[in-house]
Amino acid sequence: MSAQTFDVVVIGAGPVGEVAAERVARGGLKVALVEHERFGGECSYWACIPSKALLRPGNLLAAAKRMPGVPVGDRLDPEKVFARRDWFTGKGDDTGQVDWARGAGIEPVRGHAEITGDREVTVDGDRVLTARHAVIVCTGSVPSTPPIPGLETIRTWGSREATSASSVPARLGVLGGGVVGVEMAQAWARLGAEVHLIITGERPLPRQPAFAGDAVLDGLRADGVRVHANSGLNRVSAVDGGTELELKDGSRIVVGELLVATGRRPATTGLGLGRLGLAEGKPLDVDDTGRVSAVDGGWLYAAGDVTGRAPLTHQGKYAARAAGDTVAALAKGEQVAAGPWSPFTATADHHAVPQVVFTDPEIAAVGLADAREGSADRVVEIDIAVAGSSLHADGYAGKARIVVDTEREVLLGATFAGQDVADLVHAATVAIVGEVPLSRLWHAVPAFPTISEVWLRLLEAYGL
């Protein structure tokens with residue numbers, strides 16, 4: 001049994017844990033970063049980065065086809081797409097991330113971490129790391145598996161397999177109409193698979209406004225994805241040639257692979273949280289500085305998906321900055337101003353969480369999707385029909401929506417659906433975070449001819 005003492009121990013070396021550790025190290029503290037798989041985490045090797053690498057070539061080809069005079073082929077080259085993806089992920093080699101950690105003054109530690117006492121973390125059962133000030137949990141999330149008869153008897157794809165596979169299945173089933181489901185359905189359809197997307201509602205992306213789900217539904221169908229709406233799986237079973245899926249209506253489909261994309265849950269199992277009176281498998285409830293309020297002594301912090309607050313990489317990194325800076329400041333005896341919009345708090349988690357769905361068309365949203373019940377909020381929704389969109393692509397189709405607090409005349413939310421709308425969302429995020437009055441926002445003149453001119457049309461539709 002070996003023992004070491006650090007100022008802070010961070011568990012989980014994905015993007016969130018890396019940021020938390022870096023902020024602590026920048027504060028002059030000695031920090032250990034523990035990871036049981038790959039430094040760089042889910043996002044780098046199995047999620048955000050490889051999924052976008054798979055999506056981008058298909059989106060680019062589709063965009064080129066919409067533009068007369070641009071000579072393009074009809075199909076992607078899967079091998080080249082996979083090779084580019086593998087370049088981004090380094091084929092799983094995390095040497096660069098480990099070297100970065102050391103260069104940032106962080107001690108990388110490989111192994112499974114378990115909290116075994118106050119400020120005590122044991123790695124692989126025989127290496128004890130004691131933290132003088134804090135332990136920060138950044139272990140992310142893991143897939144949730146639905147209770148479908150037969151599912152446990154077959155081999156399935158999760159998001160990891162869907163983003164790392166290097167051969168195109170002839171027929172792919174996708175269960176789930178969330179972000180992973182729609183992005184991977186479109187990516188693999190454009191790579192040449194026959195894709196069957198099975199969703200429980202009328203349209204995918206049920207948390208988004210109906211026009212956003214409908215836009216993605218149309219895009220998927222245009223790419224040949226066979227969408228089984230208002231459906232689900234009764235059971236699955238192994239058969240010659242793959243897996244047989246029995247749908248809710250009794251129909252059957254045989255697929256070579258089945259991607260189960262039915263959500264994720266915080267990765268808190270196996271961390272020893274029961275010793276602290278916390279439930280394993282559940283989110284860690286934190287305040288806006290990242291402190292786990294249920295643990296006495298104020299030494300346990302968490303950030304990212306593991307908290308269940310805003311399960312997105314960028315929001316996790318944002319929360320990690322707050323937590324890391326809070327821990328570093330308190331360790332040095334400095335004052336921490338923990339009020340809203342302080343550098344030490346993740347206030348935006350409650351008001352301004354941006355997200356992009358990188359399908360074709362894209363969905364970009366931030367803040368509220370609809371008016372608050374019983375409020376005087378007003379929803380303004382228009383087509384994206386400006387000179388910039390017309391020039392961007394023949395037959396451009398898109399919609400934009402804003403939600404306005406009419407009492408304060410400030411923006412509460414925005415949703416965009418259309419080709420290449422991702423870059424519109426940051427302007428909305430700035431307006432929401434800054435609580436920019438619409439009368440002042442009117443003076444933020446959009447450049448002509450860009451798609452951003454839709455902002456002018458939205459404000460005109462509101463009545464300015």
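Which residue of β3 stands opposite V31? In this predicted model, in which local features need pLDDT of at least 70, side-chain atom pairs count only at pLDDT 80 or more, and totals for chains, interfaces and linings use all residues, the residue opposite V31 is I106 in β3. Residues are numbered from 1 along each chain as its sequence is written, and side-chain values use heavy atoms, with hydrogens and water left out. Helices (H or I, at least four residues) and strands (E, at least two) are DSSP runs, numbered from the N terminus.

Two strands are said to pair if DSSP finds at least two bridges between them. By this criterion β2 pairs in the parallel sense with β1 (residues 2–11) over 4 bridges, and V8 stands opposite V31 in β2. Between β1 and β2 the chain passes through helix α1 (residues 15–26), and this β-α-β crossover is right-handed; that is, with the strands pointing away from the viewer, the path from the first strand over the helix to the second runs clockwise. Strand β3 (residues 106–110) is joined to β2 by 5 bridges, and these two strands run parallel.

Helix α3 (residues 48–65) contains 18 residues and reaches 26 Å from its first C-alpha to its last. This span is close to the expected 26 Å, the expected value being 1.5 Å times one less than the number of residues. At L55 the helix α3 bends by about 25 degrees, and a proline, P57, follows within four residues; the bend is the angle between axes fitted to the seven residues ending at a position and the seven starting there. The buried residues of α3 include P50, L54, L55, P57 and L61.

The structure holds 0 disulfides, a disulfide being a pair of cysteine sulfur atoms within 2.5 Å. C138 is in no disulfide, and the nearest cysteine sulfur, that of C43, is 14 Å away. C138 is buried, with a relative accessible area of 6%, whereas C48 is partly exposed at 27%.

Several features lie in loops. S231, between β10 (226–228) and β11 (233–239), counts as buried at 11% relative accessibility. Leaving aside neighbours within four places in sequence, S231 is in contact with I198, I199, T200, L247 and K248.

Most residues other than glycine have a negative phi, and most peptide bonds are trans. A cis peptide bond joins D360 and P361, with omega about 10 degrees, and P361 lies in the loop between β17 (354–357) and β18 (362–367). Another cis peptide bond joins F448 and P449, with omega about -5 degrees. Phi of K91 is positive, near 50 degrees; K91 lies in the loop between α4 and α5 (95–103) and counts as exposed at 70% relative accessibility. Phi of R119 is likewise positive, near 60 degrees, and R119 is partly exposed, with a relative accessible area of 26%.

Note on methods: Buried means under 20% relative accessible area, exposed over 50%, partly exposed in between (1.4 Å probe, protein chains only). Contact means heavy atoms within 4.5 Å.
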